[in-house]
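Hi everyone, thanks for coming. Please take a moment to look at the sequence and the model on the screen, and then I'll walk you through a few places in it.

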Amino acid sequence: MKYEMLYLIDTSIAEEARDALIAKFEDVVKNLGGTVVSTDKWGVKKTAYPINYKSEAFYVLMTFEAEGSSIKELDRIAGITDGVMRRMITKAI
C-alpha cells in the first residue's frame, strides 16, 4: 500500500536536528519493512491556527510504501518525538 505522512516540525529546532528528524522517519519506515518513495520538504509555512502558541512550522511530506500494520507504529513514534507539532498519515491514491 502507498501512504503519505505530512508532518509539521517546530521551527525553533536547528537545521541539523530537523534533517536528523526527517532521516529518522525514513529509517523507521525502512526498519518496518517499507520503502520511502519520496520526501518533499515544503519549508516553513504559516499554520491554519496556532499550535503551542506558534503560527509557523516546517512542513514535510513523505510518500512511502508499507504494510498497513506498520502505520500504527510509525504514528506512535511520530507522536512521541520531540519537535513534531502535528502529523497525519493517509493512503495515497
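A word on the ground rules before that. This is a predicted model, so local features need pLDDT of at least 70 and side-chain atom pairs count only at pLDDT 80 or more, while totals for chains, interfaces and linings use all residues. Residues are numbered from 1 along each chain as its sequence is written, and side-chain values use heavy atoms, with hydrogens and water left out.

Let's begin with the helices. Helices here are DSSP runs of H or I with at least four residues, strands are runs of E with at least two, and both are numbered from the N terminus. Helix α1 covers residues 15-31, and it packs with α2 at an angle of about 155 degrees, the axes being 10 Å apart. Those axes are lines fitted to C-alpha atoms over the stretch in contact, and the angle, from 0 to 180 degrees, is taken between N-to-C directions. The two helices are therefore roughly antiparallel, a label for angles over 145 degrees.

Which residues of α1 and α2 meet? On the α1 side they are K24, F25, V28 and V29, and on the α2 side L74, I77 and A78; contact means heavy atoms within 4.5 Å. By type, that contact has six nonpolar residues, no polar ones and one charged. Nonpolar here stands for Ala, Val, Leu, Ile, Met, Phe, Trp, Tyr, Cys and Pro, charged for Asp, Glu, Lys and Arg, and polar for the others, Gly among them.

Now let's zoom in on A78, in helix α2. Is A78 buried or exposed? A78 is buried, at 1% relative accessibility. For that word, the cut-off is under 20% relative accessible area, with exposed meaning over 50% and partly exposed in between, using a 1.4 Å probe and protein chains only. Setting aside residues up to four places away in sequence, A78 touches M5, F25, V84 and R87. A78 and L21 are 57 residues apart along the chain, and their C-alpha atoms are separated by 9.6 Å.

Beyond its neighbours within four places in sequence, T81 contacts L21, K24 and F25.

On to the salt bridges. The rule asks for a side-chain nitrogen of Lys or Arg within 4 Å of a carboxyl oxygen of Asp or Glu, and it gives a count of four. One of them joins D10 and K54, whose closest N and O atoms are 2.7 Å apart. D10 sits in strand β1 (residues 2-10) and K54 in strand β3 (residues 54-65), so this pair ties together parts that are 44 residues apart in sequence. D10 is buried at 14%, whereas K54 is partly exposed at 28%.

Another salt bridge, between D75 and R87, has an N to O distance of 2.9 Å. This pair links distant parts of the chain, with D75 in helix α2 and R87 in strand β4, twelve residues apart. D75 is partly exposed at 30%, and R87 is partly exposed at 36%.

E73 and R76 also meet in a salt bridge, at 2.9 Å from N to O. Both lie in helix α2, three residues apart, about one turn of the helix.

That's my tour, and I'm happy to take questions!

Conventions
Parallel < 35°, antiparallel > 145°, perpendicular 65-115°, else oblique.
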